[in-house]
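Subject: Structure handover

Hello,

Here is the structure for you to open. My notes on it follow directly below.

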Amino acid sequence: MNIDSGKETINCQLCVNYYVTWDPSFPRGCRLYGFKTSAWPQTMVHEATGGKCQNFRRKIMRKHNA
């Protein structure tokens, strides 16, 4: 995914700052910005800043040996 592309959106689940909360009303969170939300965090960032999240950092995915 190219986050600089104007056509593609950021997938929060692939970001190191994304986490799942225990709050059923606000199940998604962003550690960097310090909030929980029912929407995707990138939506909240876009509403607040008018642009895409500039702090997206892709998680390093490890392969599991079967």
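Ile10 is buried, because its relative accessible area is 6% and buried means under 20% (exposed is over 50%, partly exposed is in between; 1.4 Å probe, protein chains only). Ile10 sits in the segment before strand 1. Helices (H or I, at least four residues) and strands (E, at least two) are DSSP runs, numbered from the N terminus.

A word on the source. This is a predicted model, where local features need pLDDT of at least 70 and side-chain atom pairs count only at pLDDT 80 or more, while totals for chains, interfaces and linings use all residues. Residues are numbered from 1 along each chain as its sequence is written, and side-chain values use heavy atoms, with hydrogens and water left out.

**Core**

Ile10 belongs to the largest nonpolar core. That core has 7 residues: Ile10, Cys15, Cys30, Phe35, Val45, Cys53 and Phe56. A nonpolar core here is a set of buried Ala, Val, Leu, Ile, Met, Phe, Trp, Tyr and Cys residues joined through side-chain atoms within 4.5 Å. In soluble globular proteins, nonpolar side chains tend to be buried together.

Cys53 also touches Ile10, Tyr33 and Val45, leaving aside its neighbours within four places in sequence. Contact means heavy atoms within 4.5 Å. Across the protein, 21% of the 66 residues count as buried. Of the contacts between residues at least 6 apart in sequence, 33% join residues at least 24 apart.

**Fold**

The protein has 1 helix and 3 strands. Along the sequence the pattern reads β-β-β-α. The 3 strands form an open sheet in the order 1-2-3, with antiparallel pairing. Strand 1 (18–20) and strand 3 (35–37) are the edge strands, each pairing on one side only. From one strand to the next, the twist averages 30 degrees. Two strands pair if DSSP finds at least two bridges between them.

Strand 2 (residues 28–30) and strand 3 run antiparallel and are joined by 3 bridges. Gly29 stands opposite Lys36 in strand 3. Helix 1 (residues 41–49) packs on the sheet and touches strand 1, strand 2 and strand 3. The direction of helix 1 makes about 110 degrees with that of strand 3. Axes are lines fitted to C-alpha atoms, for helices over the stretch in contact, and angles run from 0 to 180 degrees between N-to-C directions.

**Aromatic rings**

How many aromatic pairs are there? The count is 2. Rings of Phe, Tyr and Trp (its six-membered ring) pair if their centres lie within 6.5 Å; planes under 30 degrees apart count as stacked, over 60 as edge-to-face and the rest as tilted.

The Tyr18 and Trp40 rings have centres 5.9 Å apart and planes at 35 degrees, so this pair is tilted. The pair links distant parts of the chain, 22 residues apart: Tyr18 is in strand 1, and Trp40 is in the loop between strand 3 and helix 1. Tyr18 is buried, at 11% relative accessible area. Trp40 is partly exposed, at 31%.

The Tyr33 and Phe35 rings have centres 6.3 Å apart and planes at 25 degrees, so this pair is stacked. Tyr33 is partly exposed, at 36% relative accessible area. Phe35 counts as buried, at 18%.

Arg28 lies over the face of Trp40, 4.1 Å from the ring centre. The rule: a charge sits over a ring if NZ of Lys or CZ of Arg is within 6 Å of the ring centre and within 35 degrees of the ring normal.

**After the helix**

Is Ile60 buried or exposed? Ile60 is exposed, because its relative accessible area is 77%. This residue lies in the segment after helix 1. The C-alpha atoms of Ile60 and Leu14 are separated by 8.7 Å, and the two residues are 46 apart along the chain.

Best wishes
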